[in-house]
Amino acid sequence: MGNATITPSIPIILASASKIRSKILQKTGMEFSVIISDIDEDKLKENMIKKSIPEMVIILASEKALNVSKTNPNSYVIGADQICNLNNNIFSKPDTMDKAIEQLKKLSGKTHKQTSGISLYFNSKLIWSGYEEAELTMYELNEKEIIKYLKIDKPFNSCGSYKYESLGINLFSKVTGNNETIQGLPIIELLKQLRKNKVYSINNIKV
């Protein structure tokens, strides 16, 4: 990639505090800014108890994008959200070592899903939204392995208690799905939609 950049025809905003989502978008060369939404995710989740996980991630992603779009006209705003689940049991960010140990013990030896929702808004109007899923099968891990991993990678702000983009990739025996989906930003479909709406073009690459 080097120093090549792509200047979009219309400004792009990523409505996310996630560093890994920013890195994924940066790798495309796309120029963009970051504005973090201030929606109350916990309150939204309380009202979505009867929703499916794909529905939940799409709603959360859309609310983030809409929130930022309302105060940033004439920009394309990207919202994203992710849910880690085992048999529809949701694994939130652990925050603590004890909670992370508990989560990895539950995921050990089993196949779980990472479901990533994404949404694109322009002038407070929905342009597109969707979701992608990935399945990950974790090795049987003993407590010593779990604690060793957690002390090194410190994934306490990651759904499922692992950083797939870091040492967490070593925890899995089988993975089905895109890396970017696992990390929370389904980039191929996003770029497809930006291209479809003529927001960017390969012709705009600058070196």
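Helices (H or I, at least four residues) and strands (E, at least two) are DSSP runs, numbered from the N terminus. The model described here is predicted.

Begin with the largest pocket, which has a volume of about 870 Å³. Its lining is made up of 33 residues, and Ser18, Arg21, Lys93, Asn157 and Ser158 are those that lie nearest its centre. Several elements supply at least two residues each to this lining: the helices α1 (19–27), α2 (41–46), α3 (53–69) and α6 (179–183), and the strands β4 (76–86) and β5 (89–91). By class, 13 of the lining residues are nonpolar, 10 are polar and 10 are charged.

The second largest pocket has a volume of about 180 Å³. Helices α1 and α6 each give at least two residues to its lining, and the largest share, four residues, comes from α1. Among the residues that line this pocket are Ile20, Lys23, Ile24 and Lys27, as well as Asn179, Glu180 and Gln183. Its lining divides into three nonpolar, three polar and four charged residues.

Turn next to the strands. β6 (residues 111–122) and β7 (residues 125–138) pair in the antiparallel sense over 12 bridges. Along this pairing, Thr115 stands opposite Glu133 in β7. The hairpin of β6 and β7 has two residues between the strands, and Asn123 there takes a positive phi near 50°.

Strand β7 also pairs with β8 (residues 172–176), in the antiparallel sense and over four bridges. Here Glu135 stands opposite Thr176 in β8.

Conventions:
Residues numbered from 1 in each chain as written. Predicted model: local features only at pLDDT ≥ 70, side-chain atom pairs only at ≥ 80, totals over all residues. Heavy atoms only, no water. 1 Å grid on protein atoms, 1.4 Å probe; cavity = no way out; pocket = protein on both sides within 12 Å on 5 of 7 lines; lining within 4 Å. Points joined across faces, edges and corners; volume = space filled by probe spheres on them. Nonpolar A, V, L, I, M, F, W, Y, C, P; charged D, E, K, R; others polar. Pairing = 2+ DSSP bridges.
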